[in-house]
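Open the model in your viewer and keep the selection tool at hand. This tour tells you what to pick next and what is there.

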Protein chains: 2
Amino acid sequence: MPRPTLEQVAQRAGVSRATVSRVVNDSPTVAESIRTAVRRAIDELGYVPNQAARSLVTQRTDSYALILPESPSRVFSDDQFFPGIIRGVSQELDSADKQLVLMVAGSQASHDRIERYALARHIDGVLIASMHGADPLPGTLARMGIPVLCGGRPLGQTRVPYVEVDNVNGGRMAVRHLLETGRTRIATIAGPQDMVAGIDRLTGYREELRGSDRRSIVAVGDFTRDSGAVAMRQLLEDDPDLDAVFVASDLMAHGALQALQAAGRRVPDDVAVIGFDDIALARYTEPPLSTVRQPIVGQGREMARQLLRLAAGESIADSVILPTELVIRGTT
Amino acid sequence: MPRPTLEQVAQRAGVSRATVSRVVNDSPTVAESIRTAVRRAIDELGYVPNQAARSLVTQRTDSYALILPESPSRVFSDDQFFPGIIRGVSQELDSADKQLVLMVAGSQASHDRIERYALARHIDGVLIASMHGADPLPGTLARMGIPVLCGGRPLGQTRVPYVEVDNVNGGRMAVRHLLETGRTRIATIAGPQDMVAGIDRLTGYREELRGSDRRSIVAVGDFTRDSGAVAMRQLLEDDPDLDAVFVASDLMAHGALQALQAAGRRVPDDVAVIGFDDIALARYTEPPLSTVRQPIVGQGREMARQLLRLAAGESIADSVILPTELVIRGTT
DNA sequence: CTGAAAGCGCTTACAG
DNA sequence: CTGAAAGCGCTTACAG
């Protein structure tokens, strides 16, 4: 059963294709009586414009991609970072009546496929979040004239606008609080050092500690719960007397908490813990997790807003930095 | 900077547009020397076919939609059901080199927009999961000739093929285990009664209990953690002597566990708990949650596989039912 | 305010 | 094996 076309609507309404097109696109220059007749024909036929045909002439698709260069198993794990970003982006795109196309690019193959997809003009713009290393993708797409905006400052030479969260200050606030509450041996479980979030939170930890006379004690995880537990066990082995740990994500903090308790440490009496994110989990750990709150959904929304402006040809800021905030619960 | 077209590649390679098209689409009837020349021109120009133009003639887009008629805040909550389905679907679509378009339709407005999107031939087929009530969407799309496949049996008259999990038997296995381990007052926290998963798990509970001389004790939640806690408190009030509860999702079971402990009940000594899903959380509750495992990712994969067959014009089964399995941990 | 016509960038019978 | 030509379903100057 072939879908009805403009042509058939025009025939039925007794007007030209151009006129039907004007009605469909809400052009103001159509007589009211004709508009009504065309609308009726559209309804009777169940006409819906063919998007491919429309895109071919307008050069727009009204779709935007969110690219997450991660394996599906990480994006769709119990890490609440990704859902938060997706939710923010889709809220904002929805209200602009644009379609979100979500692309998860774990492998090199899918990375390449996504590049081709974007270059095939499937979409009007691209959002990239959770980048690793100096990913060439944003630069490549931007050079081909595709509007691109990153979540988190791109590493390397890439000059592409971005929206991020104040990771350095978040790390500083956490460590400052630990110092102020009298902790003396403050360790950290950092995030992956090929990601800005991992790098900057560690920087914050180091900067704040440098102001005191404490030395830094560092282990590195990959933002998963398991890596947090592994890192915590390693820290305890390296420095059995540590009395605080700043963990670069709540999920890792949960793993660390379990490792601490398994090792017979009381939290917060023996060891204080501060996470990063403030995902729902933070309220359900035992004891509830003190953490640095970052506006994840807000970051997604801001990313979409900036991209829409960029795609509309407006000029936007090179970067937008969203504030973080310390939330004290039961682990400090 | 305008993207290069077929025309320009043809000019550069000194051949016709038809020949370039054949090379791009791997037609075997092209002389090797010409093929090489065209490939070189494509590389030099960085040519990527315009998908809108291609779709207009082929009537295909190589994209498939996964529609989730839920609010974004539910899809992107810490409920691991949605990520699991998405992950399974995207795995299968990826390996068929198809693009996944994820659509979350919480409101009536977005529901309508999605219908238009599908009818605009943006996609070659549609997957719908997590339906509520007798949603007209699958029937509407199928009637317009769009290949449609549902996750979970559609309620109402809709005759659309589906893939689901054996919810009834899952409920039965849980209750049977509770009976066999000597529990006498077995309650249930059912899922929403406008969803097959909610209805069928309750049916399983009822059927199994009917074989014994126990009476049923029922509360209803909406699959969220909070609703599980609320329902548990209500059950304890209704029947303070209950000694077991079958909960229709792990997330609700977590809420129920917390409510039980807050009410001073020991688990499993005073009250046994069995959940449903076997998401990662089930291993992290205290004590670890006994549950009915359903193959969530597997369901997503099977859905995509069936849809691809359908879209390719093959005939497929009206329904595929995946088995569930009882997993005993610390709450029974 | 409305229509005839060109054109967006491809694919695919049809000839040769 | 290759090319000329038609056509997919729209939008948009351009006339009138």
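Select A:Asp62 in the loop between α4 and β1 (63-68) of chain A. Helices here are DSSP runs of H or I with at least four residues, strands are runs of E with at least two, and both are numbered from the N terminus. The phi of A:Asp62 is near 60°, positive although the residue is not glycine. Most residues other than glycine have a negative phi, and most peptide bonds are trans. A:Asp62 counts as partly exposed because 16 C-beta neighbours lie inside 10 Å. (Buried takes 20 or more other C-beta atoms within 10 Å, exposed 12 or fewer, partly exposed in between; C-beta atoms are placed from the backbone.)

This is a predicted model: local features need pLDDT of at least 70, side-chain atom pairs count only at pLDDT 80 or more, and totals for chains, interfaces and linings use all residues. Residues are numbered from 1 along each chain as its sequence is written, while chains are lettered from A and ligands numbered from 1 in the order in which they are written.

Now pick B:Asp62, in the loop between α4 and β1 (63-68) of chain B.

Next, go to A:Pro287, between β9 (272-277) and β10 (290-293) of chain A. The peptide bond from A:Glu286 to A:Pro287 is cis, with omega near -5°. Then select B:Pro268, in the loop between α12 (250-262) and β9 (272-277) of chain B. A cis peptide bond links B:Val267 to B:Pro268, with omega about 10°.

Finish at DNA strand D, which 26 residues surround; A:Leu6 and B:Ala31 are among the closest.

Note on methods. A residue is near a molecule or strand if its C-beta atom, placed from the backbone, lies within 6 Å of it.
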